[in-house]
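Here is a short report on one protein model. Look through the sequence and the structure first, then read on.

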Amino acid sequence: MSAQQISVAVLGAGGRMGSEAVKAVEAASDMQLVAALGRGDSLDQVVEAGATHIVDLTVPDSTEANVHFAVENGLHAVVGTTGWDAQRLQRLEQKLTEHAGVAVLIAPNFALGSVLASAFAAKAAQYFESAEIIELHHPNKVDAPSGTAVRTAELMAAARRELHVPPSPDATESQLDGARGAVVEDIHVHSVRLRGLVAHQEVLLGSAGEQLSIRHDSFDRASFMPGVLLGLRTAASRPGLTYGLDGYLDLGL
Ligand SMILES: NC(=O)C1=CN([C@@H]2O[C@H](COP(=O)(O)OP(=O)(O)OC[C@H]3O[C@@H](n4cnc5c(N)ncnc54)[C@H](O)[C@@H]3O)[C@@H](O)[C@H]2O)C=CC1
Ligand SMILES: O=C(O)C1=N[C@H](C(=O)O)C[C@H](O)C1
């Protein structure tokens, strides 16, 4: 093993994403897969195997404990699992202050096109009256709205606040529960679950007489793997918490 090799443990290795990540790490000449864990496996295996990095692609209920374990053991973590709300992020930041030099990347979406689409949407949301998000996924997804949609809404809302853009106009007075979707920081988010889909998102922006749609489609989970590898290659040089793969990219937007 060369000195520069990254020793990776994949958590959630039997899942849709985890199994892709196992293949991607095995195919990377600068990485070595040292452990592949599924539900019920002891995290101690990660340390015993000599991992320097973990990739977490598990479930929202498990990810926080997995990442805290990694940090406590001095391992860098690249995390794609959803469920990282403000409280979890805050607890993780606190934990990282006790373990200087350890890096965690929480990436709601590893696909470069998706990261770009969210960044474009945030910029564009400053210039339109109305802004809503539709996310569309395979029906086996356990969470709604998607982590990507939540992050996109947060970025859009922050950008709109910066320019004092008022909330989107909406005259709805009565509705069936859920008819207007979930509301994330004033942005309505609609979740579609449909057999045949993988991971898709459309941001709709409207002003008088015009509409801009910003759409991204992942047709295959291979689309997420360059981002996973980028995360693994970059993490050690970016100690502390990074939320969003855009934090490792120079998007200049
Ligand atoms: N950031 C990104 O680009 C992407 C993120 N995701 C997210 O990744 C997560 C996984 O998605 P999928 O692979 O589609 O789900 P999945 O259900 O196919 O895979 C999850 C796997 O984790 C295993 N698991 C559960 N708890 C575990 C634990 N404590 N230790 C080890 N393994 C454990 C399960 O048995 C299962 O095999 C979801 O939160 C999903 O939203 C999915 C696609 C892209
Ligand atoms: O569960 C999925 O499939 C995906 N999950 C992530 C999310 O919730 O945003 C990333 C991508 O959308 C695929």
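In which strand is the place of histidine 137? Histidine 137 sits in strand β6, residues 130-137. Strands (E, at least two residues) and helices (H or I, at least four) are DSSP runs, numbered from the N terminus.

## Basis of the model

The model is predicted: local features need pLDDT of at least 70, side-chain atom pairs count only at pLDDT 80 or more, and totals for chains, interfaces and linings use all residues. Residues are numbered from 1 along each chain as its sequence is written, while chains are lettered from A and ligands numbered from 1 in the order in which they are written.

## Two domains

Domain 1 covers 6-106 + 221-248, and domain 2 covers 112-218. These bounds come from an automatic or database domain assignment. The domain centres, taken over C-alpha atoms, are 27 Å apart. Domain 1 gives 12 residues to the contact and domain 2 gives 10 residues.

## Two annotated residues

UniProt, in an unreviewed entry, lists His137 and Lys141 as "active site". Such annotations may be inferred rather than shown by experiment.

Histidine 137 is buried because 22 other C-beta atoms lie within 10 Å. Lysine 141 has 16, so lysine 141 is partly exposed. Buried means 20 or more such atoms within 10 Å, exposed 12 or fewer, and partly exposed in between, with C-beta atoms placed from the backbone. Lysine 141 lies in the loop between β6 and α6 (147-162).

## Around ligand 2

The residues around ligand 2 (C-beta atom, placed from the backbone, within 6 Å) include His137, Lys141, Ser146 and Ala199.

Notes: Two residues are in contact if their C-beta atoms, placed from the backbone, lie within 7 Å.
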